[in-house]
Amino acid sequence: MRMIDSVELHPQRAPAPPRAASTSVAKDTVPYVEFLAFEPRGALLVIEAPNIASQLGRLVRRSGPRFEVEAELTGLRGPGALSPGGRWLLTGGALLSGRAASCEVIDLLTFQVVRTLPLMRPFVWIDDEHFIAQSPNWESTFEGATVVRTERRRVEPALAASAPSLMTPAPSMVRVTLTTLDCQPLLPSLLLDEETCAVLSSDGDVLYTATSYSRVSAVRVSDGQLLWQRPPSRLVTEGTVYAMALDSSTNRLVTVGSGVAHDTLVLDAQRGDELSRHSLEKLTRAMTTGPSTRGDAIHFRENGLGVIGTNNGLVIEIGTDGRWCAFKAGTRSHRAIAFSPDGASMILGGAEKNLRVVPLTAR
């Protein structure tokens, strides 16, 4: 993604929306789609959640031209992570006091949960045998304006006892071996500012994580060495992070979220230097009469095509030449994006009760 201009970046806008209108499919989704991914055989995996935070959602396998339901598994939460070979899926499991507190390992051959682990999102696979997740953070209480940290971790005691190797002495991003549950701590998780999204470098040896308060870190997976870290925002208005993706074609890390001055950061993945910051609201002014534009999801295709899903139905597409365009694909939040295996289309899911297919130019 070539950067144009300087500090407050305004990429050159494409002269016209380059995409045909989206097609609405799979109209029986529950309110919020939290995860989309294509299996190697072409079926689409979808994690949906109800409009009640305390309730769990479902995993659905969809296939065919209209993405009809082929299999369903309930009691899960997104987002998820599909292993490179397509055998395993990691998702969130049961909550504790209304917050994420467990991880489900799903065997996609049988479409069943094979193990529940005392781990939390974000989830990233290194290969089909090793993955990265977050060990449980501390439960916290407030006395006035003071945070009181208890010695209890945010996990069911019985679940913690079932996999003691994963209960690191302090909360941390950890590298886990699936078969043995051997665990290697990588990056400490902070109280009230734990990691919310993560992505691996193309060679699989650098883990990039981000917290809600825009603390972005790069750590070497092989030895846990912190390579660089961007400090968190002092105020929510300075920017928060909802999603993050790596453009491997240019080695640039992009975060999206919300904020007053900016809601999107572009970082040099090797050094952590800030290359630019964007305000999606300014980039898309007058394109929607709905709420202020916020980034809810981001995904890159292998050739560098970037897509940002927003809270008001806009899709912002960043071309490999640095030009951008925004077009409507619905009216509500797009929280999940997936490119079809042949690269000819993308699937959008979110707060509408359907999925949308947008035609693209093939790779």
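The model is a predicted one.

**Trp228 and its surroundings**
- Trp228 counts as buried because its relative accessibility is 9%, and the cut-off for buried is under 20%.
- Leaving aside residues up to four places away in sequence, Trp228 touches a set of residues that includes Tyr208, Val216, Leu253, Leu267 and Arg271.
- Ala269 is also among the residues that Trp228 touches, and the Trp228 side chain reaches the backbone oxygen of Ala269 at 3.0 Å.
- For a sense of distance, Thr141 lies 87 residues from Trp228 in sequence and 31 Å from it in space, C-alpha to C-alpha.

**Strand 12 and its partners**
- His130, Ile132 and Gln134 point one way from strand 12, while Phe131 and Ala133 point the other way, and all are buried.
- Strand 11 (residues 120–125) pairs with strand 12 in the antiparallel sense over three bridges, and Val124 has Ile132 as its bridge partner.
- Four residues lie between strand 11 and strand 12 in the hairpin that they form.
- Strand 12 also pairs in the antiparallel sense with strand 15 (residues 172–177), over five bridges; here Ala133 is partnered by Val174.

**Aromatic rings elsewhere**
- Three aromatic pairs turn up in a search of the whole structure.
- Arg87 lies over the face of Trp88, at 4.5 Å from the ring centre.
- Arg153 lies over the face of Trp138, at 5.1 Å from the ring centre.

Notes. Residues are numbered from 1 along each chain as its sequence is written. This is a predicted model: local features need pLDDT of at least 70, side-chain atom pairs count only at pLDDT 80 or more; totals for chains, interfaces and linings use all residues. Side-chain values use heavy atoms; hydrogens and water are left out. Rings of Phe, Tyr and Trp (its six-membered ring) pair if their centres lie within 6.5 Å; planes under 30 degrees apart count as stacked, over 60 as edge-to-face and the rest as tilted. A charge sits over a ring if NZ of Lys or CZ of Arg is within 6 Å of the ring centre and within 35 degrees of the ring normal. Buried means under 20% relative accessible area, exposed over 50%, partly exposed in between (1.4 Å probe, protein chains only). Contact means heavy atoms within 4.5 Å. A polar contact is a pair of N or O atoms within 3.5 Å; within protein, one must be able to donate a hydrogen and the other to accept it, and residues adjacent in sequence count only if both atoms are side-chain atoms. Helices (H or I, at least four residues) and strands (E, at least two) are DSSP runs, numbered from the N terminus. Two strands pair if DSSP finds at least two bridges between them.
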